Amino acid sequence: MVAPEGPRRVAPLGVWPGAAYPLGATYDGVGTNFSVFSEVAERVELCLIDRLGAETRIPLDEVDGSVWHAYIPAVVPGQRYGYRVHGPYDPARGLRCDPAKLLLDPYGKAFGGTFANDPSLYEHGRDSLGHTMTGVVVNPWFDWGSDRAPRHQYHETVIYEAHVKGMTISHPRVPPELRGTYAGLAHPAVIAHLKSLGVTAVELMPVHQFLHDRVLLDQGLRNYWGYNSFGYLAPHGEYAADPRPGGAVSEFKAMVRALHAEGIEVILDVVYNHTAEGNHFGPTLSFRGIDNAAYYRLSEDDPAHYVDYTGTGNSLNVRNPHTLQLIMDSLRYWIQEMHVDGFRFDLAATLARELHDVDKLATFFDLVQQDPVVSQVKLIAEPWDVGEGGYQVGNFPALWTEWNGQYRDTVRDYWRGQPSTLGEFASRLTGSSDLYEATGRRPSASINFVTAHDGFTLRDLVSYNEKHNEANGEGNRDGENYNRSWNCGAEGPTTDPGILELRDRQSRNMIATLALSQGTPMLLHGDEFGRTQLGNNNAYCQDSPLSWIDWTLADTHADLLAFTRTVFALRAAHPVFRRRRFFDGHPGPGQPACGDIAWLTPAGAEMTAADWESGFARSLTVFLNGDAIAEPGPQGERVRDDSFLLCFNAHDEALEFTVPGTEFAPEWEVALDCSAATGHAPATHAAGAALTVPARCLLVLRSRHRDRSAHIA
């Protein structure tokens, strides 16, 4: 069975040859150029869809370098379209052309309609018109006004990981019609909240157009996280308040413009490792029907099946130049046309797989390195995938920063009292030089995080020993089993005041450690006031209050919110916490006895090898010398700051610390006390004095510099 031929009407102004570049549908103010790549196609038809769903098929007779193209003067923004690709269908050889399928443009900038969970998307020879989405021609012009990229340096960056819908769907100060949308995220109330935390960049979970999996829809669930992309140049339409065809494009741009105006960068979580078409049982939506073998990694022994390094059914074929071109064109489009400031690459190790092994000098990274546009924005790798050898923390090229999974694990272990973590904790606190210094990278290459979308929220991290994913419908088998969490004495909700106080203190400890570590901190949305998912550590399918931010928590956990604002303000005010270079142990001018950092026992003595190797030791003092910052400021000036003592006590009882001697400073004042609800507990302590640090507590002391005129805020 093949697709019905249908009418072959030609637009009134005719069809011109057009151009092979740029790929996609490009409106120039008069008409639209259509261009699509397929090396395997024998014939390609452009299908223009009218408001009633009827199609006009236009043969693309011009072919240059396997790119099929035409220019149609009569086509304007709002026009819906798709393609039908005629060619061989032989799954055993990896060939899956099917002209019965209305195929989406891989370069589509907007999509309209919805996917019906219809057999035509899955079965060969059944016409999918009316059961699939369509591409939409968009108007490329937008009034950016005086928009400028904030371009924050990494060492001055604070990242906030957020979900477009979950961030605002229940926000009481966002108008109901804007909640859960790009416009809602740009609302002044939301921006004011971000600025109050010191956030300089929002890292948005996937906003590329994505598909809700059939298996989830059948269970009444949805692909909430969005790691199921098929439109790499299109903002996800469900997040737009603007209902017009292509309205998501202008609304997304307006969101970026509003955030930029307040000095906040926009980083996109992008999924170039796989697509929504899944494995050989999945739907034929776009890539599979256009050129299956070009876009996907196929099994060499059995091309009917897909190589899967992602756990989702397929892997994009980054060895193919046209697939690489799609990824690079997509990145440049989001930078140049949508004005975003960077990308976080999901399962980035997959992009480095040339053959089977992960190669950090793979073609994709070579292209990024030399690209004059992409190389200039923030590039963040999730440095692992599910394939063999896929854990690649510390192995990405010089331009890249990385989600530091070792930081997450070590900080969790330290504060829950695991033995033998002291030495590694010190390394993570100071920027993970063991992972990044050898490749010429700086501390900011470490994207430090304790929690992220994948796993427990911070509140759940201190409230649950075990995952509770029953709502996902998989018998609690999904999600990570080893979470390095501690429930502080009771599993889940409790009214015990002692347990609740301990959970609050543990939350403050980890937020403070995150804010005061060298590197680039990333805060998960809602952690600043105790968002919970009730122990669900894999809420990918929970598009519900379980995963949305509950903004009433900003009132019920106002102390934690105030604490978070305080500690990130402390970071912003003091360059000693956000150094551009690693500590080297060298002293500052006039301080022959004091290096830029010192590691001390609670008794105030310098740490020895035996102290570091003690399996039971869970406490130490870290001296940060504000007068020994070697790197200059942005205009070459010397940077001076206050000096700090960070007194860490992860023991289950209070310990007596000794304030170090006068060679460090004569007197210290308490700058932050994690045993206090908002962090404020003013007190002063002289050199050599005894100081009690409560159980499971970080205490931060400050010695004010006599002259901070050169201080960088």
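1. Two strands are counted as paired if DSSP finds at least two bridges between them. In this predicted model, strand S2 (residues 32-37) and strand S6 (residues 67-72) are joined by 6 bridges and pair in the antiparallel sense. Within this pair, Phe34 stands opposite Ala70 of S6.

2. S2 and S6 belong to an open sheet of 4 strands, ordered S1-S2-S6-S5, with antiparallel pairing. Strand S1 (24-27) and strand S5 (62-64) are the edge strands, each pairing on one side only. On average, neighbouring strands of the sheet are turned by 25° against each other, direction ignored. As background, strands of a sheet pair through backbone hydrogen bonds, in either a parallel or an antiparallel way.

3. On the overall fold, the protein chain has 16 helices and 29 strands. A compact globule with 713 residues would have a radius of gyration near 27 Å, and the protein chain agrees, at 27 Å. The C-alpha trace spans about 90 × 55 × 55 Å along its principal axes.

4. Of the 713 residues in the protein chain, 61% count as buried. Taking contacts between residues at least 6 apart in sequence, 72% join residues that are at least 24 apart.

5. Asn292 deserves a separate point. The residue is placed in helix H6 (residues 287-295). Asn292 has a relative accessible area of 2% and is therefore buried, the cut-off being under 20%. A polar atom of the Asn292 side chain lies 3.0 Å from the backbone oxygen of Gly94. Leaving aside residues up to four places away in sequence, Asn292 touches Gly94, Arg96, Phe287, Leu298 and Tyr306.

6. On cysteines, the structure holds 0 disulfides. Cys697 is in no disulfide, and the nearest cysteine sulfur, that of Cys674, is 5.5 Å away. A pair of cysteine sulfur atoms has to be within 2.5 Å to count as a disulfide. In general terms, a disulfide is a covalent bond between the sulfur atoms of two cysteines.

7. Is Cys697 buried or exposed? Cys697 has 0% relative accessibility, so this residue counts as buried. Cys541 is buried as well, because its relative accessible area is 1%.

Definitions and conventions. Residues numbered from 1 in each chain as written. Predicted model: local features only at pLDDT ≥ 70, side-chain atom pairs only at ≥ 80, totals over all residues. Heavy atoms only, no water. Helix = DSSP H or I, 4+ residues; strand = E, 2+ residues; numbered from the N terminus. Buried < 20%, exposed > 50% of the residue type's maximum accessible area, 1.4 Å probe, protein only. Polar contact = N/O pair within 3.5 Å; in protein donor to acceptor, adjacent residues only side chain to side chain. Contact = heavy atoms within 4.5 Å. Axes fitted to C-alpha atoms, helices over the stretch in contact; angles between N-to-C directions. Rg over C-alpha atoms; globule rule 2.2 N^0.38 Å.
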